[in-house]
Amino acid sequence: MTQNRRHSSPVQHGFPHVETVRRSITALFRRLSGDGIRTYDTSFAPADATFSPVEDLYPGAHRVASAMVRALRLPDARIVVAFRAMEDAAAVELTAGPEYFVEVNDRFRTHRRDLAAALAHEVTHVLLHRLELRFPNTADNEILTDTAAAYLGAGWLLLDAYREDELTHQKLGYLTPEEFGYVLAKRGRFLGGEDLSAWFTSPQAYEAYVRGRSLADQDLRRAPLAAAGRPERRRYTRDRGHAPGRRHAPDRPAAPPAPGQGAAYRFEEHGDGLRVSFGCPVCEQRLRLPAGHGPLRARCGLCRTVLDCDT
């Protein structure tokens with residue numbers, strides 16, 4: 001797992017990986033189902049990540065690793081933690097199990113407050129390995145791992161490890177801080193509301209969480225959802241009129257999407273008329289509805305969320 005450390009380059013911000021994050025959320029729902037994800041309704045407890053000043057390093061590290069195994073529902077897995085000098089924050093050897101070897105950077109011998117965050121990413125690798133859930137591209141697979149860690153309740157630790165000032169640029173994982181906040185906000189909404197504000201020890205992490213939550217709020221107002229605002233609704237109506245195959249429609253492309261929104265919707269001509277496809281704001285599964293039919297309710301076949309739409 002990568003890390004930005006003291007005197008390193010500034011931390012990347014924004015949402016450069018958001019489309020891969022959305023694909024990762026869909027993949028997670030397809031593999032675990034909505035009911036399966038609901039079994040991860042309890043996030044990793046801050047107390048389980050805390051080291052006592054008098055606690056020995058190795059017993060403490062294995063205590064935290066065991067708590068992470070339980071949090072990620074891997075009851076028959078054992079994590080052996082070792083420390084060594086390395087460039088990355090941590091690495092795991094993936095085998096058939098049940099014993100897995102995680103090596104973490106020597107710096108965590110003294111910076112123990114972030115050890116649980118490093119373990120969150122590596123133990124999630126173990127979980128995805130057992131689930132046989134992976135992307136072909138290595139970089140995308142790391143984004144999937146961070147996304148799964150956050151969505152399943154352990155990844156808030158990775159965001160809380162983010163700290164940035166004149167001397168220090170520290171971030172663990174492959175998502176930007178805002179992308180971690182985005183995933184955590186979507187998790188909280190799916191599970192009925194989870195307020196992490198009291199858990200963050202890093203002020204910068206909390207600020208990134210708020211920025212990520214703002215983008216998650218925008219997902220709930222994407223056209224053709226009924227909650228879309230007037231500018232988005234006008235754009236949608238214009239794009240629908242210019243859709244391929246529309247009679248008398250000028251040959252002009254749809255307006256570019258808003259920042260962070262990606263291809264929010266697209267129109268497709270079918271034998272029974274025009275349809276609009278768009279991502280479910282909860283699980284990002286593509287939905288297809290008849291276009292131009294006005295208000296209707298749709299149920300996502302993957303996460304079972306009922307959506308109010310106006311197509």
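**Reading helix packing**

A: In this predicted model, α1 and α7 pack with their axes 12 Å apart and at an angle of about 30 degrees. Because angles under 35 degrees count as roughly parallel, α1 is roughly parallel to α7, and α1 passes α7 in a right-handed crossing.

Q: Which residues of α1 and α7 make the contact?

A: On the α1 side the contact is made by Val18, Val21, Arg22, Ile25, Phe29, Gly34, Ile37 and Arg38, and on the α7 side by Glu179, Tyr182, Val183, Lys186 and Phe190. Sorted by class, the contact of α1 with α7 has eight nonpolar, four charged and one polar residues.

Q: How should I read the pair α5 and α7, and at what angle do their axes cross?

A: Two packed helices are described by the angle between their axes and by the distance between those axes. Here the axes of α5 (residues 138–151) and α7 (residues 177–190) come within 8 Å and cross at roughly 40 degrees, and α5 and α7 are therefore oblique to each other; their crossing is right-handed. From α5, Asp146, Thr147, Ala150 and Tyr151 meet Phe180, Val183, Leu184, Lys186, Arg187 and Phe190 of α7, and the residues of this contact divide into six nonpolar, three charged and one polar.

Q: Where is the kink in α1 centred?

A: The kink, of about 90 degrees, is centred on leucine 32. As for its span, α1 (residues 18–38) has 21 residues, yet its end C-alpha atoms are only 23 Å apart, short of the 30 Å that a straight helix would reach at 1.5 Å a residue.

Methods: Residues numbered from 1 in each chain as written. Predicted model: local features only at pLDDT ≥ 70, side-chain atom pairs only at ≥ 80, totals over all residues. Heavy atoms only, no water. Axes fitted to C-alpha atoms, helices over the stretch in contact; angles between N-to-C directions. Helix = DSSP H or I, 4+ residues; strand = E, 2+ residues; numbered from the N terminus. Parallel < 35°, antiparallel > 145°, perpendicular 65-115°, else oblique. Left-handed = near helix turned anticlockwise from the far one by under 90°. Contact = heavy atoms within 4.5 Å. Nonpolar A, V, L, I, M, F, W, Y, C, P; charged D, E, K, R; others polar. Expected span 1.5 Å × (residues − 1). Bend = angle between axes of the 7 residues up to and from the residue.
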